Amino acid sequence: MAGTIAIKNGYVYDPLNEINGEIMDIFIKDGKVVTELSGADMKDVKEIDAKGKTVMPGGVDSHSHVAGAKVNVGRMMRPEDHYKFYQKRTPLTHSGCGYSVPSVYLGGYEYSKMGYTTVFEAAVPPMEARHTHEEMRSTPMLDMGGYLVLGNNWFLMRYLKEGDVDKAAAYISWMMKTHKTYGIKCVNPGGVENWGWGENVSALDQANIHFEVTPEEMIKSLAELNEKLGIPMPVHLHANNLGHPGCWEITRDSLKIPKNVKTKPNTDVEWAETKRNAKRHESVYLTHCQFNAFGGTSWRDFESGVKGITDYVNSNDHVVMDSGCVPFGDATVMTGDGPAIHDLYVLTGHKWSNTDVECECGSGVLPFEYLKSNPVHSSQWAMGLEVLLYVTDAWKSIMTTDSPNGGPFIKYPQVIAWLMSNKARQDTFAECHKWAQDRTGLGGETREMTLNEIAILTRANPARTIGMSYRKGTLGIGADGDVAIYNIDPKKLEVNDYESIIRGFENAAYTIKAGEVVSQMGEIVAIPEKNTFYTDIATDADDEKRMLEDVKKWFKYYTLGFNNYPTPEKYLANPTPIQVNAEK
Amino acid sequence: MADVILKPIGNFDLTVEAEDITPDNFAGKSADEIRKILIWQAPAQFPISDFFTVEGNGGSSAEDTTIIVDGNVPRVKRIGEKMTAGKIVIKGSAGMHVGSAMTGGEIIVEGDAESWAGMEMKGGSIHIKGNAKDHIGCAYRGSWKGMSGGRITIEGNAVNQIGGGLIGGEIIINGNVENFCGIRISGGLIVVKGNAFRTVGAEMTGGTIVVGGCIERFNPGFEMTAIESDLKFNDIECPGEYKKFAGDYAIPQKGKGILYVSCDNNECL
């Protein structure tokens with residue numbers, strides 16, 4: 001029976017149901033979690049003995065750069081990323097290569113081996129949506145979706161300047177449907193637009209050059225529009241000034257802006273059973289906090305500014321964030337923040353690429369290597385972990401490496417080991433530059449995360465944050481039958497032996513997607529169907545008509561025709577629209 | 001010292017990828033076992049005996065093994081790739097990637113070498129008695145980290161991108177080079193006894209380049225700092241007077257590279 005399976009006697013971690021390592025059986029029928037299987041079902045069902053193993057919902061990555069134009073630029077400009085890291089084809093799987101920017105097939109397989117079943121692409125420029133969907137469609141093993149980059153969009157900036165909120169709302173909902181994307185991404189608001197004139201913005205009240213909208217207005221308006229439309233996830237913010245010493249202050253101040261925006265995610269979906277409230281209550285989701293948390297005033301007095309942000313997050317409830325950890329080694333920096341990439345080029349002299357996505361946004365790519373011998377890189381390693389360890393309530397944070405910016409996602413097991421084991425951190429301190437110890441507070445932090453907290457950071461909370469916990473990130477009744485079973489016995493776990501944690505999370509004993517075993521001890525054993533999620537937001541027809549007149553008029557300046565702008569559903573693997581009810 | 005003699009017998013209509021022809025891989029194997037080692041030709045693998053006659057057994061270890069390729073093998077690539085010890089003598093011309101990523105041992109090419117000889121090598125030595133083509137001791141495409149140790153000596157000429165991205169080690173060329181010699185190097189030493197055409201040391205951020213002949217088109221991003229004579233780098237001697245330049249100042253990382261150019265042959269500089 002496809003999609004039906006019984007997982008017996010495992011130590012189950014399902015934080016949304018407050019199940020913390022209880023020995024339980026999980027039953028999945030036709031791809032969904034069920035209370036039990038009938039006698040007839042049990043007769044020929046596949047049964048997995050998970051005795052002595054850790055059972056979690058399938059991993060959910062809510063911020064990863066895995067598909068689209070800039071990812072592909074990363075592949076094209078980095079042949080050296082490929083030739084030492086490759087995989088031969090098998091009768092079931094394609095060949096693939098790429099360490100920090102793997103080819104689509106390899107990326108899907110590598111995620112699946114680690115027990116991940118859902119990954120959201122962090123930045124989809126509207127004009128590159130079709131390309132992004134082509135790559136997502138070809139990425140096997142994973143359910144996917146993508147966030148639309150809107151923080152420097154000409155129409156939105158114009159409507160905000162004119163104060164026409166209705167048209168702005170109509171524009172966002174039309175864009176989500178047109179490009180089959182899921183939520184709002186806001187990258188360096190105002191700054192990327194200014195970059196068209198060779199400038200950036202350095203303060204929240206600095207009006208941008210042409211539209212005269214400030215970053216503060218953009219963040220506030222996007223957060224308000226996000227809730228007015230009822231979008232399942234909060235505004236996804238990449239703050240201004242990223243990657244510059246001292247940027248933590250502007251990040252904290254940006255987080256203050258949407259504090260009083262009332263959250264109203266409003267989707268027509270059936271929710272899996274969960275004990276905790278599975279709906280988000282945050283009005284902003286800050287991404288890769290580590291890159292936004294630089295302290296000091298220059299590279300000489302550079303230090304961690306993480307505490308300034310985590311103190312704010314600890315005392316406020318409207319913020320959730322992902323970490324952007326730095327696990328050392330090769331990475332490829334890729335972001336919609338074009339000027340930030342230019343600054344990195346000036347700093348490193350490395351090859352780089354920059355693109356201006358006409359009227360919409362920008363992007364840049366640059367290869368990067370994080371060295372343990374480098375004072376700043378070592379501090380960044382420590383800061384990424386500070387972000388997660390300083391936030392007392394794990395439900396406010398998500399573990400990422402901003403893959404491949406801080407490092408490739410295949411390093412997640414290493415990051416988990418650092419979070420769970422103080423010894424792992426101390427051993428790394430001994431190998432890396434003393435700034436990690438001197439310029440950050442990580443050395444004095446003795447917290448060691450539990451498996452339950454890791455389950456929150458890597459599946460339950462990413463899913464809850466982006467509004468996917470109605471079916472992902474939990475093993476509640478009615479949820480998708482996505483399960484990861486790790487060769488980790490919580491009763492025998494010795495965190496000082498952190499290599500065993502790495503080994504355990506590197507290759508899941510079983511990765512189960514929709515009730516089917518898809519990978520087993522690092523080997524792909526089945527290629528499952530996949531879904532692509534996007535939001536279908538109901539809008540006022542009149543507003544949409546008025547807005548479309550503007551868009552069509554302006555389209556003569558685009559390099560493609562209006563009719564070629566939308567991404568048709570055929571570009572999506574199993575298109576799964578989520579009905580969203582906007583405020584009337 | 002055990003000698004394994006490989007005599008090419010043909011079948012090279014498609015190039016062969018022979019990264020398994022190394023002392024490390026032949027050590028401890030009999031001639032018969034060596035004959036059966038599979039090497040790639042296009043998408044398929046064939047035994048070495050399809051391409052070579054094999055005489056002699058491998059030594060007990062890589063150090064004790066010498067491989068003699070008795071003939072021209074310009075269409076056999078990757079001989080000696082990643083070797084750690086021992087010796088390979090190619091009595092004719094070698095194909096691409098000979099000795100790439102090697103960490104130790106010695107390779108002697110009595111004829112010419114194709115491109116990419118000693119790509120990203122870390123140690124050991126390669127001696128090319130004829131001419132060599134492009135990318136000798138260079139970084140892989142896209143990478144800026146080339147050869148990091150060891151020595152490559154070329155008796156004849158070489159062409160483009162010699163020592164690209166060099167971070168250590170030495171390349172000595174008795175003849176001439178053409179374009180982009182020492183592009184992007186950050187360490188190591190390149191000595192060209194003959195002439196270079198243009199873009200010597202472009203974007204270099206460290207390391208040393210010596211050109212004994214004339215650079216026809218000198219790079220604009222260099223600044224003369226001194227005149228020195230009779231240069232000596234350990235056992236490598238460069239007699240005569242040299243103009244010493246620092247660079248390359250054309251890139252944001254203001255260069256700490258050193259470029260010596262013969263005074264006699266570059267009067268216009």
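Predicted model: local features only at pLDDT ≥ 70, side-chain atom pairs only at ≥ 80, totals over all residues.
Colleague: Where is A:P404 placed in chain A?

Modeller: A:P404 sits in a loop.

Colleague: What is omega for the peptide bond between B:G247 and B:D248?

Modeller: This bond is cis. B:D248 belongs to the loop between β18 (236-247) and β19 (257-262) of chain B. For the bond from B:G247 to B:D248, omega is about 0°.

Colleague: What is phi for A:D30, in the loop between β2 (19-29) and β3 (32-34) of chain A?

Modeller: Most residues other than glycine have a negative phi. A:D30 is not a glycine, yet its phi is positive. The value is about 50°.

Colleague: Is A:D30 exposed or partly exposed?

Modeller: Count the C-beta neighbours inside 10 Å: A:D30 has 13. A residue is exposed at 12 or fewer and buried at 20 or more. Because 13 falls in between, A:D30 is partly exposed.

Colleague: B:R184 has a positive phi near 65°. Is B:R184 buried or exposed?

Modeller: B:R184 lies in the loop between β12 (170-173) and β13 (186-192) of chain B. Within 10 Å there are 28 other C-beta atoms. The cut-off for burial is 20 or more, so B:R184 is buried.

How values were computed
Residues numbered from 1 in each chain as written. Chains lettered and ligands numbered in written order. Helix = DSSP H or I, 4+ residues; strand = E, 2+ residues; numbered from the N terminus.
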